[in-house]
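Welcome! Please take a look at the chain shown here, and then follow the briefing one topic at a time.

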Amino acid sequence: MRRLSRRKALSLVKELDAFPKVSDSYVVTSTSGGTVSLIAFSTMALLSVLEFFVYQDTWMKYEYEVDKDFSSKLRINVDITVAMRCQHVGADILDLAETMITSGGLQYEPVVFELTPKQREWQSTLHRIQNRLREEHALQEVLYKSLLKGAPTALPPREAVFMQSPDACRIHGDIYVNKVAGNLHITVGKPIHHPQGHAHIAAFVSHESYNFSHRIDRLCFGEEIPGIINPLDGTEKITYDNNQMYQYFITVVPTKLKTYKITADTHQFSVTERERVINHTAGSHGVSGIFFKYDTSSLMVTVSEQHMPLWQFLVRLCGIIGGIYSTTGETVGTEQPHPLSHCCRFSVTYLLIFKRFHLLLIHKDLSKEIKI
């Protein structure tokens, strides 16, 4: 009895087989089938290799939240060359709270304003990159992922000492300011403090020596990251008017950068430019100079580098191989049953089991009635 019941159980399990086998004697090979098989295997290999490259690649994920850090200081990194002598210009910052930040962190270095051929070539390359970044914003992600791998973004030093005397002033260094709106300005005369605000001593500077032609080699906020190109890097403005005024309106966005190479707290910024000639007679009032008016955003951006999980790569790989195998199998008319036939087989099997069980219950009920 036990053997009989065991055979019935094995027979029932055999009926549930959704993958029926075909005897080798019924299998027929053909040239067309072999050709389709070669194409299918080649396609599987090609797509698998491409999928592996996708698995190795990473992408940048952007998350936004309110910036709750309002007590820390904001670092401003400056490297600007002005076409005036260092004793004639001064730089300082005045923020929205009327707090004057001295330029103690800035250095004034006499230099030659004209670039060497190698430096001019570097600047032209930087201009081309800036133009591409304005057109293709996705290139910024490439810069994030290639940090510390590319060439330095600083202006290369001069190779030889020119006989020409220095005619410009390089103002470079970093300043820590409050995280409020402020104004970094470079104008004629050294800044001085007084109870009513601040002023620049410009009385001893000849008006004919005013020249605010300038070149911005570096201007960024927060921690400096090698490989990152900021919107104003490489900007050069040339003027032939002594009363020229340049204004840059900057919106600074706090940014946390998390990649597989570096983790840093930096800042992105957007900028709009304006320039005009000061002419009090024509109603264009103001002060000649270079002004960077910045303000901080209340939102913080977290940029993190993401990678495809291993399980997702395996699922996609199985989908490629299984999909191609099933499609080619149906194309060449193989005797492998369609997946829908498996569903139908399952349904018919379950109906037969249910019917046998129902008949067994009826038989037991009839046996009880006969005994009674």
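Leaving aside residues up to four places away in sequence, Ser284 touches Arg276, Val277, Ile278 and Asn279, where a contact means heavy atoms within 4.5 Å. This is a predicted model, in which local features need pLDDT of at least 70 and side-chain atom pairs count only at pLDDT 80 or more, while totals for chains, interfaces and linings use all residues. Residues are numbered from 1 along each chain as its sequence is written, and side-chain values use heavy atoms, with hydrogens and water left out.

**The chain overall**

- The chain has six helices and 15 strands; helices (H or I, at least four residues) and strands (E, at least two) are DSSP runs, numbered from the N terminus.
- Of the 372 residues in the chain, 34% are buried. Buried means under 20% relative accessible area, exposed means over 50%, and partly exposed is in between, using a 1.4 Å probe and protein chains only.
- Among the contacts in the chain with a separation of 6 or more, 82% come from residues 24 or more positions apart.

**Two loops: Ser284 and Asn243**

- Ser284 sits in the loop between β13 (263-277) and β14 (289-296). With a relative accessible area of 17%, Ser284 is buried.
- Asn243 belongs to the loop between β11 and β12 (244-258). Its relative accessible area is 22%, so Asn243 is partly exposed.
- Not counting residues up to four places away in sequence, Asn243 touches His207, Arg276, Val277, Ile278 and Ser288.
- Asn243 and Ile278 are 35 residues apart along the chain, yet their C-alpha atoms are separated by 5.3 Å.

**The loop residue Leu115**

- Look for Leu115 in the loop between β5 (106-111) and α3 (117-135). Leu115 is buried, as its relative accessible area is 8%.
- If residues up to four places away in sequence are not counted, Leu115 touches Arg120, Gln123, Leu155, Arg158 and Arg215.

**Salt bridges**

- The structure holds 15 salt bridges; a salt bridge is a side-chain nitrogen of Lys or Arg within 4 Å of a carboxyl oxygen of Asp or Glu.
- One of them joins Asp79 and Arg170, whose closest N and O atoms are 2.9 Å apart. This pair links distant parts of the chain, as Asp79 is in strand β2 (residues 73-82) and Arg170 is in strand β6 (residues 168-178), 91 residues apart.
- Asp79 counts as buried because its relative accessibility is 14%, whereas Arg170 counts as partly exposed at 26%.
- Another salt bridge is formed by Glu114 and Arg120, with 3.7 Å between the closest N and O atoms. Arg120 has 27% relative accessibility, so it counts as partly exposed.
- The side chains of Glu236 and Arg215 also meet in a salt bridge, at 3.8 Å from N to O. Glu236 lies in strand β11 (residues 235-237) and Arg215 in strand β10 (residues 214-222), so this pair ties together parts that are 21 residues apart in sequence.
- Arg215 is buried, with a relative accessible area of 2%, while Glu236 counts as partly exposed at 25% relative accessibility.
- A network of salt bridges links Arg75, Asp174, Arg218, Glu224 and Asp233.

- Helix α2 (residues 31-56) and helix α5 (residues 310-331) have axes that come within 10 Å and cross at roughly 165 degrees. Axes are lines fitted to C-alpha atoms, for helices over the stretch in contact, and angles run from 0 to 180 degrees between N-to-C directions.
- This crossing angle is why α2 is roughly antiparallel to α5; angles under 35 degrees count as roughly parallel, over 145 as roughly antiparallel, 65 to 115 as roughly perpendicular and the rest as oblique.
- On the α2 side, the residues making the contact include Val36, Ala40, Met44 and Leu47, and on the α5 side they include Leu310, Phe313, Leu317 and Ile320.
- Sorted by class, the contact of α2 with α5 has 13 nonpolar, three polar and two charged residues. Here Ala, Val, Leu, Ile, Met, Phe, Trp, Tyr, Cys and Pro count as nonpolar, Asp, Glu, Lys and Arg as charged, and the others, Gly among them, as polar.
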